[in-house]
Structure formats: structure tokens, C-alpha cells
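Take a first look at the fold below. Then follow the strands, the core and the charged pairs one step at a time.

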Amino acid sequence: MASTYLSKTFSSAGNRKIFTISMWLKRSKLGSNYILSQGTDSNNNTAISFNGSDQLNIWDYQSAWKLRLYTTQVFKDTNAWYHIVLAVDTTQATSSNRAKLYVNGTQVTDFGTETYPTQNTELKFNSTDQTIIGNYVSGTSYYDGLMAHIHVIDGTAYAASTFGETDSSSGIWKPKTAPSVT
């Protein structure tokens, strides 16, 4: 059972309207696992997690839902690496362009729950609240698995192709070990 995580509280906030989070994950345990979270408590937080049904959930809650993307797809393969990219740009006019989720290079468009931020909303990501990798803000649900190539980019919403590419021989999505990001 996992019992460790990383945390950091930044002294100043980054761009809370435009950012990208990219990470590679390999699950060791199915069920509820928190990958990344930031906030102060259950009424003021944001998170990327797997729920009890092994679906990927992304949300931002600040006394009301600002962002909720809950996939219908399940992620039960504990032998596979998953590349997850969340590209956010709340300045976009079209609501579905304000938050884009990619898994293994493909944009996810089928959600069981789908709430996009209103235009120009500042989300909790990149705030000065504690950022936690591998647990929830309340410290109740450790991530059990491997993580690699975690990138948080402030001020730019990148597509998954910035961080990964399809291997020409195997057809498998693989990481770019030195992505060109600003």
C-alpha cells in the first residue's frame, strides 16, 4: 500500500487560466487513486484522480464546480503506461476548448460528467495552495503506482503531441524525453 507523496507550496501563483499538465502513469492498484491535487480542503480544491470504477476524473471545485471531466472510459490495465495531458485555456470562446484531456495522444471527448469553466475563470491549479503529487489534499487516498515525466507548464496550453509520439515500428505511444516547452 502506498504511503508517500510529494508536496510543495509555491510563494506566488502562476497563470490560473492557461496551463498544461502532462504525466505518464502506470497503475499498481485499481480503484480510487489520487494522482495530483491542490487546495485547502474538500470545498476548495482541484484534482486528477481515478475513481472507484477506474475512470479518470478531473475537477476544480471552489465552493461550486468550475471544471468537471469524468471519463466514461475505464483504465484497468496495470501493465500499461498511460500518458495523461490536461491542456487548459479558459480564455477560449468555445467552452469545450477551455479544457482538453488527452490519453495516450488521443483527445478524450466522451465524458459521463462534463462541466467546462466559464470564460476567463481562474482555476485552483497554479495557485499558492499546497500542490500534492500522489495524494488528495485531505491526505486520504494515496496514488499506488509509478509516475514519470511530470510536466506542469504555466501560461501555455499544449497538445499531447508536445510530450509524446507514436513509435513508427510498434505503433505505441511513447514519451518525448526532452519536450520543447516554454
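Contact here means heavy atoms within 4.5 Å. Keep that cut-off in mind for the side chains discussed later. Note also that this is a predicted model.

Begin with the sheets. Strands of a sheet pair through backbone hydrogen bonds, either parallel or antiparallel.

Strand β4 covers residues 44–50, and strand β5 covers residues 55–62. The two pair in the antiparallel sense over 7 bridges. Within this pairing, Ile 48 stands opposite Ile 58 in β5.

Now turn to another open sheet, with 5 strands. Its order is β9-β8-β7-β2-β12, again with antiparallel pairing. Here the edge strands are β9 (106–107) and β12 (145–154). Each of them pairs on one side only. Strand β2 runs over residues 18–27 and pairs with β12 over 8 bridges, in the antiparallel sense. Leu 25 has Met 147 as its bridge partner in β12.

Next comes the interior. In soluble globular proteins, nonpolar side chains tend to be buried together. The largest nonpolar core of this model has 26 residues. Which of them have the most contacts inside it? They are Met 23, Ile 35, Ile 48, Phe 50, Leu 56 and Ile 84. Several strands supply at least two residues each: β2, β3 (33–41), β4, β5, β6 (65–74), β7 (82–89) and β8 (99–103). A second, separate core has 9 residues, including Trp 24, Ile 153, Tyr 158 and Ala 160.

Set aside residues up to four places away in sequence. Met 23 then touches Ile 35, Leu 36, Ile 48, Tyr 82, His 83, Ile 84, Ala 148, His 149 and Ile 150.

Look also at Ser 22, in strand β2. Is Ser 22 buried or exposed? Its relative accessibility is 0%, so Ser 22 counts as buried. The side chain of Ser 22 makes a polar contact with the side chain of His 83, at 2.9 Å. Neighbours within four places in sequence aside, the contacts of Ser 22 include Val 85, His 151 and Phe 163.

Now for the backbone. Most residues other than glycine have a negative phi, and most peptide bonds are trans. Two residues to check here are Asp 54 and Ser 63. Asp 54 is not a glycine, yet it has a positive phi of about 65°. Asp 54 is found in the loop between β4 and β5. Ser 63 also has a positive phi, near 65°. The loop between β5 and β6 holds Ser 63. How do they stand on burial? Asp 54 counts as buried because its relative accessibility is 5%. Ser 63 counts as exposed because its relative accessibility is 63%.

Asp 54 leads on to the charged pairs. Side chains of opposite charge can pair when their charged atoms come close. The count in this model comes to 4 salt bridges. In one of them, the side chains of Arg 27 and Asp 54 meet at 3.1 Å, N to O. Why does this pair tie together parts that are apart in sequence? Arg 27 lies in strand β2 and Asp 54 in the loop between β4 and β5, so the pair links parts that are 27 residues apart in sequence. Arg 27 is buried, with a relative accessible area of 1%.

Lys 124 forms one with Asp 129, and the closest N and O atoms are 2.7 Å apart. Lys 124 counts as buried at 7% relative accessibility. Asp 129 counts as buried at 15%. Lys 174 forms a salt bridge with Asp 167, where the closest N and O atoms are 3.5 Å apart. Lys 174 counts as partly exposed, with 31% relative accessibility.

Conventions: Residues numbered from 1 in each chain as written. Predicted model: local features only at pLDDT ≥ 70, side-chain atom pairs only at ≥ 80, totals over all residues. Heavy atoms only, no water. Pairing = 2+ DSSP bridges. Helix = DSSP H or I, 4+ residues; strand = E, 2+ residues; numbered from the N terminus. Core = buried A, V, L, I, M, F, W, Y, C linked by side-chain atoms within 4.5 Å. Buried < 20%, exposed > 50% of the residue type's maximum accessible area, 1.4 Å probe, protein only. Polar contact = N/O pair within 3.5 Å; in protein donor to acceptor, adjacent residues only side chain to side chain.
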